[in-house]
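Hi everyone, thanks for coming. Please have a look at the picture with me, and we'll walk through it together.

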Amino acid sequence: MDPLHARYPFFGGARDAVRETDISPAALIAEDAPAVERGLERVERALMEGTVEADEPHRWDEREELLSYPIARILVSLVDTPAAVEKYAAAEAATAQTRFLTDFEADDDELQSMRTRRASLESVLEEFGLSGDVRPERDGERRGRDPTHYWVALGSYLTLADADWGERWRLVNREVADGSVRVTRDELHRTLEEAVRRRVAEGLPFEVRGSPAGEEIADALDEEVAELRDLLNDHDAAGSAAVEAVVPDLFPPCMKTLVRRVREGETLAPHSEFSLVSFLVGVGMDETEVTTLLDADDAETADRLETRVAYLADADGSQFAPPTCATLKAYDDCTDPDERCETISHPLSYYESAVRDAGDVRDWRETVAEGE
């Protein structure tokens, strides 16, 4: 089996590899195969932490990792809510983006090893039909270094880049020449992440209970689907903070610590960043406010944070709540708990309680608007 298929199960070759195993998802589910457990973990971590990376990667072999992807798609389809589809597709894309960057930076010795076969930028562009639409800027090639800028065909740029990502993505603010748009390397990588997100989301949710075999699959996964729905319900029940003011001094200790770490230039682990950004969205902050609070002044960090904010907020404006205190503890993100922490089970509950007890408070956004 090609190790690349386990890393990127949404690639066309990976789909072919699944068919070649001659093992149907129904058979895996009936056998309660390890791929089913990994598929459930894939969706759980997507909903809770914005990643589909395994908690214990060495626990799963390449075959199980590959086969967990169709299982995860079945589970998302059975949960059958827009939030589940959106969060799952975004998490698969975010994980793929992290893997892309690792692969693109691999040296020649690693690329020559069959066990560590990596995806190249050229192969990823070809996978998404972009080979003829993306070219490196010639200056970068002449100097013998990786290009810092690329030119993307106008049609592909307009298809993949979303103006809602920020002003810099609007065509009026771009350099356009000969039917192509100039982008940075990081911006190109972001468009590839969007290409992955769209491919993963395509066809979700699909009808599982459309045949006797489908009914059997759905019945066999009742327990797992109920677990995922409970997870979503727990998040929805937490809702957004029932306060309108943003007061960072009253954030729970765990969130204060995460804010400080980002402001000091640290790149958080995906689950930690998910916890922080979902909390900030939960207290009513938008993309600009989040990047301002976290002092995200470089384009790559700002883009990543803005993307997280965008997919953590539902289309109707309601927020997808951050993980519970129990989850934060499990991932070592619970830091310096105080007396109030002993009385609550969710960071948003902590914040609501702290604001209520504080009485009159001044919204941080007012100080920013006044330039303080």
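Let's start at the hairpin of β3 and β4, where two residues sit between the strands and Asp178 takes a positive phi near 50°. Before going on, a word on where this comes from: this is a predicted model, where local features need pLDDT of at least 70, side-chain atom pairs count only at pLDDT 80 or more, and totals for chains, interfaces and linings use all residues. Residues are numbered from 1 along each chain as its sequence is written, and side-chain values use heavy atoms, with hydrogens and water left out.

When I say helix or strand, I mean DSSP runs, numbered from the N terminus: helices are H or I with at least four residues, and strands are E with at least two.

β3 and β4 run antiparallel and are joined by two bridges; Ala177 has Ser180 of β4 as its bridge partner. Two strands count as paired if DSSP finds at least two bridges between them.

Now, in what order do the four strands of the open sheet come? The order is β1-β2-β4-β3, with antiparallel pairing. The edge strands, each pairing on one side only, are β1 (134–136) and β3 (176–177). In general, strands of a sheet pair through backbone hydrogen bonds, either parallel or antiparallel.

Let's go through the other pairs. β1 and strand β2 (residues 149–153) run antiparallel, joined by three bridges, and Arg135 stands opposite Trp151 in β2. Five bridges join β2 to β4, again antiparallel, with Ala153 opposite Ser180 in β4.

What lies across this sheet? Helix α11 (residues 185–201) lies across β1, β2 and β4 (180–184), and it runs at about 105° to β4. For such angles, axes are lines fitted to C-alpha atoms, for helices over the stretch in contact, and angles run from 0 to 180 degrees between N-to-C directions.

Next, helices against helices. Two packed helices are described by the angle between their axes and the distance between the axes. Take helix α14 (residues 253–263) and helix α15 (residues 270–282): they pack at about 110°, with axes 10 Å apart. That makes α14 roughly perpendicular to α15. Here, angles under 35 degrees count as roughly parallel, over 145 as roughly antiparallel, 65 to 115 as roughly perpendicular, and the rest as oblique.

Who makes the contact, meaning heavy atoms within 4.5 Å? From α14 come Met255, Leu258, Val259 and Val262, and from α15 come Ser272, Ser275, Leu276 and Phe279. These residues divide into six nonpolar, two polar and no charged. Ala, Val, Leu, Ile, Met, Phe, Trp, Tyr, Cys and Pro count as nonpolar, Asp, Glu, Lys and Arg as charged, and the others, Gly among them, as polar.

Compare that with helix α4 (residues 34–49) and helix α5 (residues 62–79), which pack at about 60° with axes 7 Å apart. α4 and α5 are therefore oblique to each other. The residues in that contact are eleven nonpolar, two polar and four charged.

To finish, let's zoom out. The protein has 20 helices and four strands. Of its 372 residues, 50% count as buried, meaning under 20% relative accessible area, with exposed being over 50% and partly exposed in between (1.4 Å probe, protein chains only). Ala161 and Arg190 are 29 residues apart in sequence and 8.5 Å apart in space, C-alpha to C-alpha.

Definitions and conventions
Contact = heavy atoms within 4.5 Å.
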